[in-house]
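Please open the model in your viewer and keep the sequence beside it. The tour below goes from one selection to the next and says what is to be found at each stop.

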Amino acid sequence: MTLQDLLRADQLGIRLEVMNGLSIWEAMPLYGHQKHVERIAGSVRPAAGVVDCQCVHAIDVYVQFRDGLKRPDVSIFCREPTEAEAAQALTLIPEAVVEVVSKGYEAKDLQFAPNFYLSQGVKDVLVFDPATLLVLHATPDRTERLVSPVTRRLACGCEVTV
């Protein structure tokens, strides 16, 4: 599946992703979902004293991982992607990702996505379920279940409020 195939799916109102060879589709996010994404993305900032990470965020962009192609709701990077990188699916692996659970896609976001992201080199995975206020924070070393709103310091030195 090429990026062009995925972009054609977008035109039909379908969001396609690939995890470990498995193609997954879902309806495009609704307004309420996007409001949560914007709020969370707007909270991304360097923690006090952090100078080596710019805490750049991107909303809903394709990221080409070793074993798949995903569109995290929020991707957090330590630097801006270059113009050449930004002209295609990003190959720059995010330091952290945030997913907001959509109704009907709980298993994809809560069970499958964290393990996939961690296996691809992402250091922090936050999943927010607006229906329950659950915040799942997964790192290579541990997984915590928290209640929103909560501010988390990420391994890269950024902070985000979910």
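Which residue does a disulfide join to Cys53? Select Cys53 and Cys78, which are joined by a disulfide with an S to S distance of 2.2 Å; a disulfide here is a pair of cysteine sulfur atoms within 2.5 Å. Before going further, note that this is a predicted model, in which local features need pLDDT of at least 70 and side-chain atom pairs count only at pLDDT 80 or more, while totals for chains, interfaces and linings use all residues. Residues are numbered from 1 along each chain as its sequence is written, and side-chain values use heavy atoms, with hydrogens and water left out.

**First stop: the disulfides**

Stay with the link of Cys53 and Cys78, which is left-handed, with -95° about the S-S bond. The pair connects distant parts of the chain, 25 residues apart, with Cys53 in the loop between strand 3 (45-46) and strand 4 and Cys78 in the loop between strand 7 and helix 3 (83-86). Helices (H or I, at least four residues) and strands (E, at least two) are DSSP runs, numbered from the N terminus. Cys53 is buried, at 4% relative accessible area, whereas Cys78 is partly exposed, at 22%; buried means under 20% relative accessible area, exposed over 50%, and partly exposed in between, with a 1.4 Å probe and protein chains only.

Next select Cys55 and Cys158, whose sulfur atoms are 2.1 Å apart and form a disulfide. The torsion about their S-S bond is about -105°, so this disulfide is left-handed. Here too distant parts of the chain are linked, 103 residues apart, from Cys55 in the loop between strand 3 and strand 4 to Cys158 in strand 13 (residues 158-161). Cys55 is buried, with a relative accessible area of 6%, and Cys158 is buried at 0%.

A search of the whole structure finds two disulfides, and with the bonded cysteines numbered in sequence order the pairing is 1-3, 2-4. Cys156 is buried, at 11% relative accessibility.

Strand 12 and strand 13 run antiparallel and are joined by three bridges, and Arg153 can be selected opposite Glu159 in strand 13.

Now select the six strands that form an open sheet in the order 4-7-8-9-10-11, with mixed pairing. Strand 4 (56-59) and strand 11 (143-147) are the edge strands, each pairing on one side only. Within this sheet, strand 7 (residues 74-77) and strand 8 (residues 96-100) run antiparallel and are joined by three bridges, and Ile76 stands opposite Ala96 in strand 8.

Finally, show the helices. Helix 2 (residues 31-42) lies across strand 4, strand 7, strand 8 and strand 9 (124-129), and runs at about 150° to strand 8. Axes are lines fitted to C-alpha atoms, for helices over the stretch in contact, and angles run from 0 to 180 degrees between N-to-C directions; contact means heavy atoms within 4.5 Å. Helix 4 (residues 106-119) lies across strand 8, strand 9 and strand 10 (134-138), running at about 165° to strand 9.

Technical notes:
Two strands pair if DSSP finds at least two bridges between them.
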